[in-house]
Amino acid sequence: MATPLSLNQTSPEHRMVCYDTGRVDSEGVFLGDKPLLYSVPLFLFELIVVFSSTNLLHSLLRRLHQCRFVSHILTGILLGPSVIGQRQDLQQTLFPERGLLILEIISLFGIILYLFNIGVKTELNLEWWEMQGRNAVAISVAGSLLPVLLSSAVIFGLRSVVPPDLRTNSFIYFVILRHSFSSFPVVVDALDELHLLNSALGRLSVAAALLEDIGYLVILVVTKTAFMVSEMTSVKARIGIIAMVAAVFLLLVLGGGKAARWAAKRAPRGQMLSEGCFLGLLLMALMASIMTTFIGFNMTMGPILLGLAVPGGMPVGVTLTERLQPLCAGLLLPLYLFIVGYRTDLTALYRLWSCWVILLVVVLCYAGKLAGVVAASRHFNKMPMSDAISLGLMLNVKGFVQAFNFFVFVHNKLASPEHLPALTLSMVASTAATTPLIKTLYDPMLRYVVLKRQTVEHLPPVAELRLVACVHREDHVNPVLDFLGVVRPTIESPLSLVVLHLNQIAGRSAPVFRPHHPTAEATIASDRITNAFHRHFESEQGSVALSTFVAISPIGSMHNDVCMLALDHKACLALLPFHKHFNGARHTVDHAVQTVNRNVLDFAPCSAAILVGNTLPTRAGFDDGGRRVAVYFLGGPDDREALALAFRMAKSNISIRLTVVRFLPLQDKRLMVEHDEERMQDDSAVAQVREVCAGYEEKVLKNGEETAALVHRMSQEFELVMVGRRNGMETELTSGLSQWSECPELGIIGDMLAMEFADKIAILVVQQHQSFRGRGSGGGAPENDGGEANSES
């Protein structure tokens, strides 16, 4: 039969569901069938309902800085017996028990693959730990031990009033451990959603969470093994259990890691794994789950250990992320969280005294962890109080790992189903309150608001030019080297250059930021990029100080790496590549680079410049190898910054033929003002540069049309044109030109030059650092966060 023959609930822990397994697919309503009484239509219908309702609710809650975990759990509660499911007829139609069983089994399969992928993306190399230092160790120890001791002491002191169902087993202590130790995947997911994964506190919290998660796994393995050994009566059986557990774990770590490295070597360089190797890894993950289940551990222990043994990054980590992440994280994981919420009946909270005891334990763990993290951060890291509290809140975030563990407690009869509402509600309430507090208390951009203006214009003429050059791909190297060749540092005018190779995070969970040490043989992109800069400046000993860094981070927060490096290096200019690469009549667009550029322009603690063009062309007619460089000067801080940089270049490089073209309106209203400070600064800057430039011209123009015609006519005579961005400064000289702008980050003149001459000349668009430049100066970053980075036109 299509409907259950019986639904026997002899106890709250057991549900017996009987239905006709022969009815899988319906023949349709026209032949008298009811499709929702069949397995496949019911499964598809429930999948659509869960997917649409969870995404609809999250679209509303994310405006309140809520993570997806909260939205998915709340969706299950709303559709479950606590709210809509109180109507029995509706509940039996939408989510009958036989349908939930199928959803739960499929979602558990997704949990196994998702945690395996998380394990693969987790880096455990020594270099990663050296970057975090003792601070992460101190924070993780204090943040996990204090809540354990505090909550255990309170429960022991109140043991006379603790209900028998919590006093007679170890369930309450498992709750204490799970709430006291942070979960690495949960912290990474939450910070990624809040765009804080690549911030200073984000990196520290990820390191501390990983240490705590490893500690929890060790405690869990030791405790479970000791319990199984204690249940055995013979010494031989006890030794056999220990030997079997050790053999399985060694086989997963050593054998699985070796097999994955063998598969990685078979993949061509720079490409993902073949279908056979990919399927082999999935089978290994499923086999690992079966092996740990056979020896008494839960189904996720094996995939996690196997994932930790498998090398992340390219090609294994990237392959698994590309092929598993959309399915597991986008569909199967939300499905499991929905079921957890659906199984939560909040009416039990009013009936059981033990639920309130569990809520007390959760509050004590939350407060103890927050106090421990704050104390360790203040003592070891001398962290400001607001940052220390924010760090404690980050490590208090709960998610799908805790939900899975508590669900396992219920399935293994360590707890009764009536305890589940208290556990679920505590996770949802703490996370729902924590994430908005994090966004309120911690703004990583505030550290980049510096009072001292880091600009080229305000730099003394003989001072060292400190520059950060950002490179995303190898084809960004030559334009930067060509530009630095025009700058030509000398002993009297030295250059301190920091090269930052930016990589979008792929196949890894935690971001990476570290100095790069080039190898003798360039085997990877970072090595080749670094070696190119070292070879270029190897003859410039004494005039160039070169250091290189590698950053692997999400696109949405990649600008944090640039801004942090510029701030620590005390740079006065950050050099950025353009997001379009020109190759004859075709050009490739990388929207991820554009997103990073706009964010850097918004938040950089120094001046910033975007270099447009593949390389500096060489014009005929100059036997001395000189370069024709022009500065289009319309006035304002950005134009003065471009002029100051050109002045420094012309003084250090005598082969430069610098031309300054000043655009003046036909009726300059500022001439009528006797003390126009902005005009005085413009005049002073132009007068200083006229001493070293080969040519100076003043062009009086009426409107934007004449400006566009002049730029089009003159620009073909030069190899490098430098302009100010002049964001938001539209005058009569540029009136009507902004409506044709495609790239607001280049400004009106820079965008016009890029549209017409990007494949013929090099263009440098400069923005001067302002002490309190506000967010959004770049016109707002595009909605595309780099997920679809490349396109061709």
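This is a predicted model: local features need pLDDT of at least 70, side-chain atom pairs count only at pLDDT 80 or more; totals for chains, interfaces and linings use all residues.
For my own record, a cavity is a set of points on a 1 Å grid over the protein atoms alone where a 1.4 Å probe fits but cannot get out. Residues are numbered from 1 along each chain as its sequence is written, and side-chain values use heavy atoms, without hydrogens and water.

Then I opened the largest cavity, which holds about 310 Å³ of space; a volume here is the space filled by probe spheres set on the points, joined across faces, edges and corners. I counted 24 lining residues, meaning those with an atom within 4 Å of a point. Pro185, Asp213, Leu217, Ile304 and Val401 lie nearest the centre. Two or more lining residues come from each of α4 (97-121), α8 (184-193), α9 (200-231), α12 (301-309) and α16 (400-411). Helices are DSSP runs of H or I, at least four residues, and strands are runs of E, at least two, numbered from the N terminus. I noted that α9 gives the largest share, 6 residues.

Next I looked at the second largest cavity, with about 130 Å³ of space. Its lining has 15 residues, with His476, Pro479, Phe578, Leu611 and Gly613 nearest the centre. Here α18 (477-487), β7 (573-577) and β8 (580-583) each supply two or more residues.

Terms used: On a 1 Å grid over the protein atoms alone, a cavity is a set of points where a 1.4 Å probe fits but cannot get out, and a pocket is an open set with protein on both sides within 12 Å along at least five of seven lines; lining residues have an atom within 4 Å of a point.
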